[in-house]
Amino acid sequence: MTATMDAETTESFQSLDPATGELVGEHPVHGREAVAAAIERAHAAAAWWADLGWKERRIRLLNIKGALTRSLNRVATLIHRETGKPIEDAQLEVVLAITHLDWAARKAEKVLGPRRVFPGLLSINQKAVLEYQPLGVVGVIGPWNYPLFTPVGSIGYALAAGNAVVFKPSEYTPGVATLFAEMVANVVPEQPILQVVTGFGETGAALAGGAVNKIAFTGSTPTARKVMAACAERLTPIVAECGGKDAFIVDADADVEGAAEAALWGAMSNAGQTCVGVERVYVVDSVYETFVDRLAQQARDLRPGEDRGASYGPITMPGQLDVIRRHIDDAVAQGGRAIIGGPSSVKEPYVEPVILLDVPDDSSAVCEETFGPTITVHRVKSVEEAVARANATPYGLAGAIFSGSRSAGMNAARRLRSGMTSINSVIAFAAIPALPFGGVGDSGFGRIHGADGLREFARAKSITRQRFSSMNLTSFKRTDKDMARALQLVNLLHGKRYK
């Protein structure tokens, strides 16, 4: 369901195919009043949705998943048109969204439902219950690079937890959002449990500053700070998934061919427009030359374009071309070598593959998020050095380790300052619904996906019920005998010495 426009504006905007410039759709610019009205409707919907209970919500969410599955190609085609990504990549995005909807629907009651908690011997007369209750209305502000998969990581889990959602998609991909909301409305026609408000930054600001109970944001770090400032006015909590500058480490005993293949996919798929994609590669000296050779060989076969034979599509957001161009120019100006592509690779709206060597660590191509099909490769003496240099960034979203040793790979993965790390694969965690997804530092905080993602959209509720009378220490009728017994018990339980 798309929110209606407010009385103050009849403004609209167009969604365009970034590869061809062709019109994909036209959408309203929702003003502050329209956003507020959508939030108000959502509060009524949230009360109804919460009262349905776990079983009824589960059935409806599984039917939403079924509707999305049956419309997979239709949705993927629209993703392809609005983002420019290859149709196969768009299909994969829908598949991932489907698997997350399924997991959230099936696991919500187990994760969030009431359960008994042992009260401890001092409170043995109490029955202790922990449950998680819905927050109410969740505002979701989504990105353009994965316009279905990423927001579903918040929308699906928020709905499964019993909330209603108001979703503000990117102005570059509003059609995907409205199509998904229509599917939800067809399955759940009784109440608008998912509404879409479209527009630009002002629409998002109205949602962040509105009477929602939580904001789930995905986008750049600077924008996240603005959203947080808007949320601060109402003390609205926020979960933020921001940018990344993810590192890829190759150990001396790694499968070099497999590592090159994975690094290339992580860096170039979706035209490099992936927050958990590969931007920096650190290779141990003994396999450095071999890795660079394999990486370059495979990269020569890649080609951007609109046709089905293209490896990836255009840069979706035109302004990003300037960032990509600046990073390549700065890397070369500081002594970096482009062994594949170079400054001339930026050919609007496409960017051909770029592989850069010998780029200084203080270059913008190493320090800042590029969000394009470029990659910097660095020679290191050891995995220890690789981890140290990988961690030398304010970002901390994801990363990857390729190693022939299980223990060495796990050790390095644990030491990477990131929310997620894959070993001998790339971005594998995103396809596993049970694993939480999120970052640290400038990459944000909080988690979507998994049990942590479900709890992100619920509030813990503790309930005790006295089962029988016992010594009452919280009463003015407390006796010296009661206190003496309590102290004796505490000394017995906790007074021993530990070795």
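**Overall architecture and local features of the predicted model**

A90 is located in helix α4, which covers residues 87-112; helices (H or I, at least four residues) and strands (E, at least two) are DSSP runs numbered from the N terminus. The model is a predicted one, in which local features need pLDDT of at least 70 and side-chain atom pairs count only at pLDDT 80 or more, while totals for chains, interfaces and linings use all residues. Residues are numbered from 1 along each chain as its sequence is written, and side-chain values use heavy atoms, with hydrogens and water left out.

A90 has a relative accessibility of 0% and counts as buried, where buried means under 20% relative accessible area, exposed over 50%, and partly exposed in between (1.4 Å probe, protein chains only). Neighbours within four places in sequence aside, A90 is in contact with A76, I79, H80 and K85; contact means heavy atoms within 4.5 Å.

The protein as a whole contains 16 helices and 20 strands. Its radius of gyration is 26 Å, close to the 23 Å that the globule rule gives for 499 residues, so the protein is as compact as a globular protein of that length. This radius is taken over C-alpha atoms, and the rule is 2.2 Å times the number of residues to the power 0.38. Along the principal axes, the C-alpha atoms fill a box of roughly 85 × 70 × 40 Å. Of the 499 residues, 56% count as buried. Among contacts with a separation of 6 or more, 71% are between residues 24 or more positions apart.

Rings of Phe, Tyr and Trp (its six-membered ring) pair if their centres lie within 6.5 Å; planes under 30 degrees apart count as stacked, over 60 as edge-to-face and the rest as tilted. Six aromatic pairs are counted by this rule. In the pair of W48 and W49, the ring centres are 6.2 Å apart and the planes are at 35 degrees, so the pair is tilted. W48 is partly exposed at 23% relative accessibility, whereas W49 is buried at 0%.

R300, in the loop between α10 (285-299) and α11 (320-333), is exposed, with a relative accessible area of 54%. R300 and V354 are 54 residues apart in sequence, and their C-alpha atoms are 9.9 Å apart. A cis peptide bond with omega of about 5 degrees joins E348 and P349, and P349 is in the loop between β13 (346-347) and β14 (350-351).

Positive phi values occur at A271, about 55 degrees although the residue is not a glycine, and at D358, near 55 degrees and likewise not a glycine. A271 is in the loop between α9 (256-268) and β11 (280-284) and is buried, with a relative accessible area of 1%. D358 is in the loop between β15 (354-357) and α12 (364-367) and counts as partly exposed at 45%.
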